[in-house]
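Take a look at the structure below.

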Amino acid sequence: MSTDEFLAVQQDVEQARKPRPKHPSGWEPGVDTAAGTLVVQGGETPPKDWAHILWNLGLDPADWEVDEDAPVQVRSWDSGEKRMFYYKATVRPTSVHQPDLDELVREIKRRKPRPPKDVLEERALVVCLSDWQAGKADHGGVDALVERLLQLQKRVPERIRELAKQGRPVSHLYVVGLGDLVEGCDGHYPQQTYSVQLDRRQQVKLVRRMLVSMLADWARLPAAVVVAAVPGNHGENRRAGKSFTTFEDNADLEVFEQAAEVLAANPEAYGHVRFALPDGDMTLTLDVCGTVVSFAHGHQFTGSGLPLNKAREWWKGKMAAMHPVGDASVLAYGHWHHLQLLQDGPRTIMGAPSLDGGSRWFEEQGGPTTACGTLTFVCEGGGWRDLEVL
């Protein structure tokens, strides 16, 4: 036997001695919630009771589920003794179980147009979506937030009907994102990364789906719809606690851009919905049925004292700089999570409450618990009235 033949035989012997793997690579039974995959070994057909499998893997079926609409991958493997079957499914949190983006687009395309009714006087209801901080775990977390958002979705049409019964029908609906609709995952306060329930992608997904659902519903009201947004600090891309890209690289603008693209799939039904996003600015100033209103998140306010004082000094600086914000008669902002109002001569400053259920980190420092709500008010004839927190 030659040397080469001898070495080949030795190599075959060594390979035979190596234990055969119990499972094919990449198909080891178990669950990876970060990747959203679940692998199980079973019979010749896929499992029917996924909840039982989730429970055995240490996941509560009330919090996790297998996506029944996603395909289940199957692989058969000869272990040397018998043929085994493996099934790979998609697992996801139940708290963000909403129709996926493709389904939203399909639903949007099925909607029939409902043109706005003509009214004798232009009158706008302004709805300020502020500080949802989706993904936060405090005070009921994601589930409680979704419930509040669903209630808001119902409450806005009710408010418009109430105004119509009072003889003040609304011709326009302004839906304005005041920032911090997502929570983010790091760099805003201690313990944030440990405490969040959703990663950044899931946060954006939840906000996008709720926003599209709201706009699709509200667009059927007898009013023209204007949708706008400004960036907040929680939407920033941060490194070591600091924003490191651009002011506009912000999830609070990203979700509104995505919503605009979804609604654009059916221009016949949603052609009366217009979007306005800032370009090269962190604020937005709009003529709302004759009343000039500026919107800002509020994290750019500096100085000392109450948030209203900080907002007032910041606004005065913008007036001195002849910035468009300085032309407004109403300034609406978020960030500070509590309803605040200051009438300063002919101008009004409005601080919006949040739908975030509260912050233990803030409360431990002596701060008050948030009273959840959404700021709304009516603009007409160059002024405002009918402020109500929904």
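Let's start with Y333, which is buried, its relative accessible area being 0%. "Buried" here means under 20% relative accessible area, while over 50% is exposed and anything in between is partly exposed (1.4 Å probe, protein chains only). Before going on, a word on where this comes from: this is a predicted model, in which local features need pLDDT of at least 70, side-chain atom pairs count only at pLDDT 80 or more, and totals for chains, interfaces and linings use all residues. Residues are numbered from 1 along each chain as its sequence is written, and side-chain values use heavy atoms, with hydrogens and water left out.

What does Y333 form together with F301 and W314? The three make up one aromatic cluster. The structure holds two aromatic pairs, where rings of Phe, Tyr and Trp (its six-membered ring) pair if their centres lie within 6.5 Å; planes under 30 degrees apart count as stacked, over 60 as edge-to-face and the rest as tilted. F301 and W314 make a tilted pair, because their planes sit at 45 degrees, with the ring centres 4.9 Å apart. F301 belongs to the loop between strand 13 and helix 9 (307-320) and W314 to helix 9, so this pair ties together parts that are 13 residues apart in sequence. Helices (H or I, at least four residues) and strands (E, at least two) are DSSP runs, numbered from the N terminus. Both F301 and W314 are buried, and for F301 the relative accessible area is 5%.

F301 also pairs with Y333, this time edge-to-face, at 5.2 Å centre to centre and with 75 degrees between the planes. That pair links distant parts of the chain, with F301 in the loop between strand 13 and helix 9 and Y333 in strand 14, 32 residues apart.

The charged end of R347 sits over the ring of W315, 5.5 Å from its centre. For a charge to sit over a ring, NZ of Lys or CZ of Arg has to be within 6 Å of the ring centre and within 35 degrees of the ring normal.

Now step back to the whole protein. Its secondary structure comes to ten helices and 18 strands, and of its 390 residues, 46% count as buried. Take the contacts (heavy atoms within 4.5 Å): among those between residues at least 6 apart in sequence, 69% join residues at least 24 apart. The accessible surface, found by the Shrake-Rupley method with a 1.4 Å probe, comes to about 19800 Å², and 50% of that belongs to carbon and sulfur atoms.

Six strands form an open sheet in the order 11-8-7-6-17-18, with mixed pairing; two strands pair if DSSP finds at least two bridges between them. Strand 11 and strand 18 (383-389) stand at the edges with a single partner strand each, so one side of each has no neighbour in the sheet. From one strand to the next, the twist averages 20 degrees.

Strand 7 (residues 172-177) pairs with strand 8 in the parallel sense over six bridges. Across that pairing, Y174 stands opposite V226, and V176 has A228 as its bridge partner. Strand 8 also runs parallel to strand 11 (residues 273-276), joined by four bridges, and there V225 has V273 as its bridge partner.

Which helices lie across these strands? Helix 4 (residues 141-165) lies across strand 6 (124-129), strand 7, strand 17 (375-380) and strand 18, running at about 160 degrees to strand 6. Helix 6 (residues 200-218) lies across strand 6, strand 7, strand 8 and strand 11, at about 170 degrees to strand 7. Axes are lines fitted to C-alpha atoms, for helices over the stretch in contact, and angles run from 0 to 180 degrees between N-to-C directions.

Finally, two spots in the backbone. Most residues other than glycine have a negative phi. C289, though not a glycine, has a positive phi of about 50 degrees. C289 lies in the loop between strand 12 (284-288) and strand 13 (291-296), and counts as buried at 10% relative accessibility. H337 has a positive phi too, near 70 degrees. H337 is found in the loop between strand 14 (330-333) and strand 15 (340-344), and is buried with a relative accessible area of 12%.
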